[in-house]
Amino acid sequence: FADLMGEIQDEFVQGLIEDPAKAGLDVDQPLMIFADFKAPPAEAEVIEPLVKGGIVASLKDADKLKALVEKLIEGIDLPIEIKPVQKEGYTAVAPPGMPAALGYSKDTLIILIDSDPTQAAKVAGELDKLFQAKDTLAKDSNGAALLQRPHDVAAWLDYSKVLNTMLAGLGELGAEANPLGSFMPEMIKDMEISATLRFEPGKVITSMGSTYNTELYKGEFSRGGLDKGLLGMVPGNAIAAGAEAFNFKPIREMILKDWIPMLEQFGEDFGEDFGQQVQNALGLTFEELLAIPKGDFLLVFDGLVQADALEPPMPNFLIGMTIDNKANLQKLLDNPAVAGGLAVPRAYGMDLTHNDKGLFFYSANHAKAVNDGKTSNPAAPAHLALLANDIGGYVKFGAVVAIINQLAADDPDAQQIIQILSKLDQGTLTGTFGKGVQTLDAELTFLDKKTNGLKQLVDLIKEIDIAGVFGGGAPDRD
């Protein structure tokens with residue numbers, strides 16, 4: 001089988017990759033790669049999952065593919081006879097005794113390979129099911145929904161199945177390596193991850209989605225977007241800002257019910273009551289501590305200041321969160337250990353304050369906005385709209401370049417970074433919390449709004465590699 005796969009890779013797959021149009025594939029349609037996993041048998045000498053997968057591609061010229069397949073068969077120098085077989089609506093090629101098969105119709109190519117050699121007799125039948133659209137993704141599944149979204153590249157993963165397969169394959173080692181023990185199956189149940197990537201003029205867009213176990217994570221997580229009081233604190237000169245707003249009540253209940261007992265058990269195993277030590281230090285029980293947040297969080301970064309050349313530059317920033325239990329918050333802040341810990345940041349002009357809007361930790365330039373309950377110079381409506389979601393954020397690359405120039409104008413390495421970042425406009429992020437699903441959408445925009453995003457991204461990666469910045473591969477200078 002290894003000899004056969006080697007020859008196939010050298011001839012057939014190489015032909016598909018190097019010139020898919022010449023092989024008859026429709027390059028304007030997506031090429032789909034799929035895989036399924038299962039644990040190896042208990043008696044297996046090598047502990048690795050068994051994989052069954054393949055490729056589904058659209059054909060534009062079946063005659064070209066047929067010619068390539070015939071050339072492949074002629075060139076195989078093995079003591080087996082391989083003959084194309086006419087099936088209902090397609091042609092199948094299945095080497096006898098091998099867990100691999102290929103089939104093509106007038107408009108579709110399917111390649112199926114199983115790493116389990118005991119499944120050789122079943123592969124041809126499974127190929128037949130695929131051409132008959134049996135045992136395929138359900139139309140209402142997350143995977144099927146993903147493939148209906150606009151995309152240039154897409155991926156879908158049944159995370160719970162992959163992780164369960166890996167742990168099952170490890171046997172007793174898997175049980176020992178699993179820190180969550182019996183809680184793990186609940187945590188990963190129904191977990192699926194999907195992602196798409198699109199390249200448009202001047203931008204690259206990626207979308208991600210993940211599902212979770214609604215029996216474990218109960219309740220409605222969305223709060224309908226960021227609290228308006230926090231939103232009004234974002235200034236127009238913010239270089240980067242991020243926000244998240246979710247209903248903290250179900251999170252609080254899950255932590256108290258599932259996570260705190262695990263922490264206590266962890267402490268017992270090591271002879272240390274870590275949980276009690278934390279509670280003693282804070283002067284609050286975990287239940288009192290977790291009652292404080294309401295679920296809205298905001299982070300704003302708007303520059304660096306360096307008052308003295310001998311001192312490090314300090315950030316201009318604002319961190320805010322909404323409060324659900326003010327009495328518990330005041331009890332926490334009155335704790336001598338917590339109050340004492342604030343002396344150092346206050347010496348550098350930072351402060352921690354709470355009011356009707358929430359709890360704020362901030363640099364001196366945000367003091368007036370915190371006292372007034374809003375900024376006098378609000379961010380642009382488009383940026384506020386991003387932050388108003390369940391998840392939102394942005395970064396302005398032009399402002400990042402200005403900071404680098406401010407701190408290291410004479411540094412050649414810094415100038416290379418500036419040259420690269422100067423091609424970018426901004427990055428944005430939005431996301432939602434739905435019932436059993438979370439979505440994220442990110443967009444990277446270039447200053448060149450006309451050239452396709454893929455070309456600009458590839459050129460940028462090449463430039464990073466040549467320059468040797470961000471861990472690139474250029475040699476060190478003498």
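Trainee: How many bridges join β16 to strand β17?
Mentor: Ten. The two strands run antiparallel, and β17 covers residues 437–446. Keep in mind that this is a predicted model.

Trainee: Which residue in β17 is the bridge partner of threonine 432?
Mentor: Threonine 439.

Trainee: What sheet are β16 and β17 part of?
Mentor: An open sheet of eleven strands with antiparallel pairing. The order is β7-β8-β9-β17-β16-β15-β10-β11-β12-β14-β13.

Trainee: Which are the edge strands?
Mentor: β7 (153–157) and β13 (351–355). Each of them pairs on one side only.

Trainee: And what does the twist average from one strand to the next?
Mentor: The average is 10°.

Trainee: Switching to rings. How many aromatic pairs does the structure hold?
Mentor: Five. One of them joins phenylalanine 246 and phenylalanine 433.

Trainee: How is that pair of Phe246 and Phe433 described?
Mentor: As edge-to-face. The rings sit 6.1 Å centre to centre, with 70° between the planes. An angle over 60 degrees counts as edge-to-face.

Trainee: Where do phenylalanine 246 and phenylalanine 433 lie?
Mentor: Phenylalanine 246 is in the loop between β10 (240–245) and α9 (248–269). Phenylalanine 433 is in strand β16, residues 424–434. So the pair ties together parts that are 187 residues apart in sequence.

Trainee: Is phenylalanine 246 buried or exposed?
Mentor: Buried, at 13% relative accessibility. Phenylalanine 433 counts as buried too, with a value of 13%. The cut-off for buried is under 20%.

Trainee: Which residues do ring pairs link into a cluster?
Mentor: Phe246, Phe248, Phe297 and Phe433.

Trainee: Now the surface. Which residues make the nonpolar patch?
Mentor: Leu157, Tyr159, Ile193 and Met208. The patch is about 300 Å².

Trainee: Where is tyrosine 159 found?
Mentor: In helix α5, which covers residues 159–170. Tyrosine 159 is partly exposed, and its relative accessible area is 30%.

Trainee: Last one. Which helix does phenylalanine 131 lie in?
Mentor: Helix α3, residues 120–131.

Trainee: Why does phenylalanine 131 count as partly exposed?
Mentor: Because its relative accessibility is 21%, and buried means under 20%.

Trainee: How far apart are the C-alpha atoms of phenylalanine 131 and glycine 103?
Mentor: They are separated by 8.4 Å. Along the chain, the two residues are 28 residues apart.

Definitions and conventions:
Residues are numbered from 1 along each chain as its sequence is written. This is a predicted model: local features need pLDDT of at least 70, side-chain atom pairs count only at pLDDT 80 or more; totals for chains, interfaces and linings use all residues. Side-chain values use heavy atoms; hydrogens and water are left out. Patches are made of residues with over 30% relative accessible area and no salt bridge: like charges are joined within 9 Å, nonpolar side chains (Val, Leu, Ile, Met, Phe, Trp, Tyr) within 5 Å. Accessible areas come from the Shrake-Rupley method with a 1.4 Å probe; for residues, only the protein chains shown count as cover. A salt bridge is a side-chain nitrogen of Lys or Arg within 4 Å of a carboxyl oxygen of Asp or Glu. Helices (H or I, at least four residues) and strands (E, at least two) are DSSP runs, numbered from the N terminus. Buried means under 20% relative accessible area, exposed over 50%, partly exposed in between (1.4 Å probe, protein chains only). Rings of Phe, Tyr and Trp (its six-membered ring) pair if their centres lie within 6.5 Å; planes under 30 degrees apart count as stacked, over 60 as edge-to-face and the rest as tilted. Two strands pair if DSSP finds at least two bridges between them. Axes are lines fitted to C-alpha atoms, for helices over the stretch in contact, and angles run from 0 to 180 degrees between N-to-C directions.
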